[in-house]
Amino acid sequence: MKNTLIYSKITAIDWPQIIEIEQQVYPNPWPLKIMQDCVAAGYQCIKGTLATNPDEIVCYAFMMVGFEETNLLNISVNPQYQRQSLASQMLHRLMLVSRINQAKQMWLEVRESNLAAIRLYEKHGFNSIGKRRNYYIYTTVEGRKVKEHAIVMAAKIQ
Ligand SMILES: CC(C)(COP(=O)(O)OP(=O)(O)OC[C@H]1O[C@@H](n2cnc3c(N)ncnc32)[C@H](O)[C@@H]1OP(=O)(O)O)[C@@H](O)C(=O)NCCC(=O)NCCS
């Protein structure tokens, strides 16, 4: 594989790069505090880099490990590196971590309009198991208020 990900834990030095990517890829980016809370809570907070440039973060993910299940909270790929199977590699890694932690399923919420992410998840065995009405309420950079439903998806961990 051309772009093989190297995984490591997110640390404080990574926040500027992660925040920059987060703001580029989401209409409703997470604030830094939420990410810091994930690290403080001991969640799986993983960054992916490439051998060609170990200082550049190309993707990252946050996942909560619960009893017999994991909850994928965030998976993001630097726009310059999308469509190069990096999210797919990261998802495989997260499924492996889930299996090691005896999880039987991994679940997540995704914006109904986020077709790229929905396709990614379907490709990796996730099925839609429900909907949360108006789960996302945010103001766009143009100042427009948006309400959007979330699709809940789950995959068996085998
Ligand atoms: C969704 C996201 C993580 C996908 O990352 P990626 O590294 O580009 O995904 P991959 O290259 O591994 O793609 C795997 C599959 O997902 C689907 N997919 C990915 N991007 C897609 C797009 N823009 N349009 C349609 N399908 C897409 C395709 O089925 C693709 O397989 P293919 O390339 O063989 O057609 C990335 O677009 C991203 O960071 N988006 C913004 C953040 C986000 O929405 N995260 C999900 C939150 S729930």
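I count two strands as paired if DSSP finds at least two bridges between them. With that settled, I looked up Leu108, which stands opposite Met153 in β7. The model is a predicted one.

**Entry 1: the β5 neighbourhood**

I followed β5 to its partners. β5 and β7 run antiparallel and are joined by 7 bridges. On β4, the pairing with β5 is parallel, over 4 bridges. There I found Thr70 opposite Met106 in β5. Is β5 enclosed or open to the outside? I take it as largely enclosed by the rest of the structure, because 6 of its 7 residues are buried.

**Entry 2**

I then traced the strand order. The sheet is open, has 7 strands and mixed pairing, and reads β1-β2-β3-β4-β5-β7-β6. Which strands stand at the edges? They are β1 (5–9) and β6 (127–139). Each has a single partner strand, so one side of each is left without a neighbour in the sheet.

**Entry 3: the cores**

Next I went through the nonpolar cores. The largest holds 30 residues. Leu72, Ile75, Leu94, Met106, Tyr121 and Phe126 have the most contacts inside it. At least two residues of this core come from each of β2 (44–50), β3, β4, α3, β5 (105–111), α4 (115–123) and β7 (145–156). Which element gives the most? That is α3, with 7 residues. Apart from this core lies another, of 11 residues, including Trp15, Ile18, Ile57 and Tyr60. I set a general point beside this: in soluble globular proteins, nonpolar side chains tend to be buried together.

Leaving aside residues up to four places away in sequence, Phe126 touches Leu91, Met95, Met106, Leu108, Tyr121, Met153, Ala154 and Ala155. Leu108 and Met153, the facing pair I began with, are both on that list.

**Entry 4: helix α3**

I checked the length of α3. Buried positions in α3 include Leu86, Met90, Leu91, Leu94, Met95 and Val97. Ser88, Gln89 and Ser98 are buried as well.

**Entry 5: positive phi**

α3 is followed by Gln102, with a positive phi near 60 degrees. Ser85 is not a glycine, yet its phi is positive, about 65 degrees. Ser85 sits in the loop between β4 and α3. How accessible is Ser85? Its relative accessible area is 42%, so I log Ser85 as partly exposed. Glu68, also a residue other than glycine, has a positive phi near 60 degrees. I place Glu68 in the loop between β3 (59–65) and β4 (69–77). Glu68 has 33% relative accessibility, so it counts as partly exposed.

**Entry 6: the record**

Conventions. Residues numbered from 1 in each chain as written. Predicted model: local features only at pLDDT ≥ 70, side-chain atom pairs only at ≥ 80, totals over all residues. Heavy atoms only, no water. Buried < 20%, exposed > 50% of the residue type's maximum accessible area, 1.4 Å probe, protein only. Core = buried A, V, L, I, M, F, W, Y, C linked by side-chain atoms within 4.5 Å. Contact = heavy atoms within 4.5 Å.
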